[in-house]
Amino acid sequence: MTLILASASPRRTALLNLMGFTHTQMPVDIDESAKSGETPKAMVERLAAEKAFTAYSRLDDALRRDAIILASDTLIAFEGESLGKPADEEDCVAMLQRLSGQVHEVLTSISVMDAQRQITQTITTEVHFAPVSEAQCRQYWATGEPADKAGSYAIQGIGGQFVKSVKGSVSAVIGLPLYETRCLLNEFGVDA
């Protein structure tokens, strides 16, 4: 049995390694644009499932028989809207200013598939942001960290200084919910 992580994320592979899961990475690029009228939950579930399916479809027949694909997607839900990765500094500042002093949800979906089935789960974590000034947002952008992060921040990095409290899974906010991932992989017969 071969576990394949359909992601280039160093955070996700580090979390899998932390849990003791031997795996290979297979990054996939898909269109991550929201569909018209799509809720944040529907979007994050669709993206995780599409990433897993895309990776699976790229395998040759011999690998498909023994492969277990794990994919994940994370986004920020705020006021019913999905906040993805910032397009530029102004977008980052605007996002962080919206989150400043507010509570938002981080939605992380994990999708696991093999030759017989695919299961996708979503974990929701509530994050309370501290007030953040425009100057702090710009200083943070200058570090380079928020450029490829959903919602323009990384809780496990410098952006963690803006997080007042978390209710739920911190590892899900980082990109891979440890408990739920272990349970789902075990359901597919994958043990660390």
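Predicted model: local features only at pLDDT ≥ 70, side-chain atom pairs only at ≥ 80, totals over all residues.
Colleague: In which helix is Pro40 found?

Modeller: Pro40 belongs to helix H2, which spans residues 40–57.

Colleague: Why is Pro40 called buried?

Modeller: Its relative accessible area is 9%. The term applies under 20%, so Pro40 qualifies as buried.

Colleague: Which residues does Pro40 touch, leaving aside those up to four places away in sequence?

Modeller: Pro40 touches Leu75, Ala77, Gly80, Glu81, Ser82 and Leu107. As for Gly189, 149 residues along the chain from Pro40, the two C-alpha atoms are separated by 30 Å.

Colleague: Let us turn to helix H1. Which residues of H1 are buried?

Modeller: The buried residues in H1 (10–19) are Arg12, Thr13, Leu15, Leu16 and Met19.

Colleague: How do you know that the buried residues line one face of H1?

Modeller: Viewed down the helix axis, they fall within an arc of 160°, and therefore they line one face. Pro10 and Leu18, on the other side of H1, are exposed.

Colleague: What covers the buried residues of H1?

Modeller: The cover includes strands S1, S2 (24–25) and S3 (67–78), together with helices H6 (170–174) and H7 (178–187).

Colleague: What is found at the start of H1, and what follows the helix?

Modeller: At the start, a side-chain oxygen of Ser9 comes within 3.2 Å of the backbone nitrogen of Arg11. After H1 comes Gly20, with a positive phi near 90°.

Colleague: Where does Ser7 lie, and what does it touch?

Modeller: Ser7 is in the loop between strand S1 (2–5) and H1. Its contacts, not counting residues up to four places away in sequence, are Arg12, Gln25, Met26 and Pro27. Ser7 has a relative accessible area of 8% and is therefore buried.

Colleague: Why does His23 count as buried?

Modeller: The relative accessibility of His23 is 15%. Since the limit is 20%, His23 counts as buried. This residue is found in the loop between H1 and S2.

Colleague: What makes the pair of His23 and Thr13 a polar contact?

Modeller: Their side chains are joined at 2.4 Å, and the distance criterion for a polar contact is 3.5 Å. The side chain of His23 also reaches the backbone oxygen of Phe21, at 2.9 Å. Thr13 is itself one of the buried residues of H1.

Colleague: Why is the pair of Phe129 and Phe162 called tilted?

Modeller: The ring centres are 6.2 Å apart and the planes stand at 50°. Pairing requires centres within 6.5 Å, while stacked planes are under 30 degrees apart and edge-to-face planes over 60.

Colleague: Why are Cys137 and Cys183 assigned to separate accessibility classes?

Modeller: Cys137 has 0% relative accessibility and therefore counts as buried. Cys183 stands at 34%; this value lies between the limits of 20% and 50%, so Cys183 is partly exposed.

Colleague: What makes the buried residues of helix H4 line one face?

Modeller: The buried residues of H4 (residues 89–99) are Cys92, Val93, Met95, Leu96 and Leu99. Their arc, seen down the axis, is within 165°, and so they line one face of H4. Among the elements that cover them are S3, strand S4 (81–83), strand S5 (103–113), S6 and H5.

Colleague: What caps the N-terminal end of H4?

Modeller: Asp88 does, with a side-chain oxygen 3.2 Å from the backbone nitrogen of Glu90. Just after H4, Gly101 has a positive phi of about 70°.

How values were computed. Residues numbered from 1 in each chain as written. Heavy atoms only, no water. Phe/Tyr/Trp six-rings, centres within 6.5 Å; stacked < 30°, edge-to-face > 60°. Helix = DSSP H or I, 4+ residues; strand = E, 2+ residues; numbered from the N terminus. Buried < 20%, exposed > 50% of the residue type's maximum accessible area, 1.4 Å probe, protein only. Contact = heavy atoms within 4.5 Å. Arc of directions from axis to C-beta. Polar contact = N/O pair within 3.5 Å; in protein donor to acceptor, adjacent residues only side chain to side chain.
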